[in-house]
Amino acid sequence: MAVVAGTTHKRVPLIAGNWKMNLDHLQSIAFVQKLAWTLKDARHDFGTAEVAVFPPFTDLRSVQTLISADKLDLALGAQDLSAHDSGAYTGEISGAFLAALDCQYVIIGHSERRTLHNETDEVVAAKVEAALRHNLVPVICVGETAEDLEKHGASAVPVAQLRAALAGVTGAVDIVVAYEPVWAIGSGQAATPDQAEQVAAKLRETLVELLGEDVAAVTRVLYGGSVKAANIASFMRESNVDGALVGGASLDLDEFASISRFHKHVGT
Ligand SMILES: O=C(CO)COP(=O)(O)O
C-alpha cells in the first residue's frame with residue numbers, strides 16, 4: 001500500500017467521479033479517452049491515487065470496452081444496483097450484469113436515491129449484500145441533512161446509516177464508505193476539512209466495532225460534497241479522509257484530472 005507523500009495515508013486514495021445522470025454513451029467515450037490521455041500526459045501514478053468513473057448504466061459497456069481495449073488505468077463503477085440477482089424486476093440492473101462488465105465498484109445509498117427514490121436503510125443494506133455477492137465493492141454513501149446537523153450534530157446520522165447498511169455484513173469485506181453531507185452536495189458549500197475528518201474518524205471507529213480493526217484499517221473513507229481542485233488537498237491532509245466522491249467537478253475534464261492529482265497540492 002502506498003504512503004502518499006505529505007499525508008499520513010496508508011490506504012491508496014480513491015478519487016471517484018459520480019457522473020449522475022450526465023453524458024450519454026457517445027459523450028462518455030470522448031470524455032474517458034481525454035481523461036486517460038490527460039492523466040497519462042501528467043504521468044499520473046495510480047499508486048498515489050486510484051481514479052474511478054461512475055457513468056450512467058447505458059454508458060458502462062462503451063466505457064468498459066475502451067478501458068479494456070486501450071488498457072486504461074481507470075476503474076469503473078455503477079451508480080446503483082438491484083437488491084435482487086435476476087428475475088421479474090422490470091427496470092432493475094443486477095450486480096451480476098455489472099460484474100460481467102468489469103465494474104469494480106457500485107455506489108449504494110446515495111442521498112439522491114434515498115430522497116428521490118425513497119431508499120430506506122433496509123434497501124441500502126440489501127443492496128450492499130447484493131454487491132458483495134457479486135464481488136463488487138460497494139461505495140456506501142452516508143450523510144446528514146442540514147436539519148440533522150442542527151438537531152443531532154454531524155456524525156449521528158452518518159454513523160447510524162453505516163450501521164444499518166452493514167447489518168447483514170461480517171468478516172473481511174472490501175468496501176468503501178463515502179461521507180457526503182447532504183447540505184454540501186451541489187451547493188458549492190463544502191464541509192470544512194476538520195468537519196469531514198471528525199465524521200470520517202467516527203465512521204472508522206464504527207467500522208472497527210462492526211468489522212474489526214483489520215478491515216477498518218484498510219477501508220477507504222471518502223469525503224463528498226462540493227469537492228473541487230481548489231479544496232481537495234485540504235481534505236487529503238486529514239488522516240481519515242482517503243479520497244473523494246466528486247459530482248459536478250467530475251464532469252469537467254481538467255478539474256477532475258487536477259483533483260485526481262491532488263498530491264501535487266498537498267503540502268503546498
Ligand atoms: O453527490 C456527490 C457525489 O456523489 C457530490 O456532488 P457535488 O460534487 O456536485 O457536490
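## Basis of the model

The structure is predicted: local features need pLDDT of at least 70, side-chain atom pairs count only at pLDDT 80 or more, and totals for chains, interfaces and linings use all residues. Residues are numbered from 1 along each chain as its sequence is written.

## Around the ligand

The ligand is surrounded by 14 residues, and the closest are Asn18, Ile185, Gly224, Gly247 and Gly248. A residue is near a molecule if its C-beta atom, placed from the backbone, lies within 6 Å of it. This shell holds 5 nonpolar, 8 polar and 1 charged residues. Here Ala, Val, Leu, Ile, Met, Phe, Trp, Tyr, Cys and Pro count as nonpolar, Asp, Glu, Lys and Arg as charged, and the others, Gly among them, as polar.

## Sites from the UniProt record

The unreviewed UniProt entry marks His110 and Glu180 as "active site". These positions span 71 residues in sequence, yet no two of their C-alpha atoms are more than 8.4 Å apart, so they gather at one spot. His110 lies in the loop between β4 (105–108) and α4 (111–116). Helices (H or I, at least four residues) and strands (E, at least two) are DSSP runs, numbered from the N terminus.

The same annotation source, UniProt (unreviewed entry), gives "binding site" for Asn18, Trp19, Lys20, Gly186, Ser226, Gly247 and Gly248. They are spread over 231 residues of sequence but cluster in space, with a largest C-alpha distance of 14.0 Å. Trp19 is in the loop between β1 (14–18) and α1 (25–41). UniProt positions are given in the numbering used here, feature names are shortened, and annotations may be inferred rather than shown by experiment.

## Helices α1 and α2

Helix α1 packs against α2 (residues 60–69) at about 30 degrees, with their axes 8 Å apart. Axes are lines fitted to C-alpha atoms, for helices over the stretch in contact, and angles run from 0 to 180 degrees between N-to-C directions. The two helices are therefore roughly parallel to each other; angles under 35 degrees count as roughly parallel, over 145 as roughly antiparallel, 65 to 115 as roughly perpendicular and the rest as oblique.

His25, Ser28, Ile29, Val32 and Gln33 of α1 meet Ser62, Val63 and Leu66 of α2, where contact requires C-beta atoms, placed from the backbone, within 7 Å. The contact residues comprise 4 nonpolar, 4 polar and no charged.

## Helix α7 and its partners

Helix α7 (residues 156–165) and helix α8 (residues 193–211) pack at an angle of about 30 degrees, and their axes are 10 Å apart. That makes α7 roughly parallel to α8. Their contact is made by Pro158, Val159, Leu162 and Arg163 of α7 and Val199, Lys202, Leu203, Thr206 and Leu210 of α8. These divide into 6 nonpolar, 1 polar and 2 charged.

Helix α5 (residues 121–133) and α7 have axes that come within 8 Å and cross at roughly 50 degrees. The two are therefore oblique to each other. Asp121, Val124, Ala125 and Val128 of α5 touch Gln161, Ala164 and Ala165 of α7. That contact has 5 nonpolar, 1 polar and 1 charged residues.

Notes
Two residues are in contact if their C-beta atoms, placed from the backbone, lie within 7 Å.
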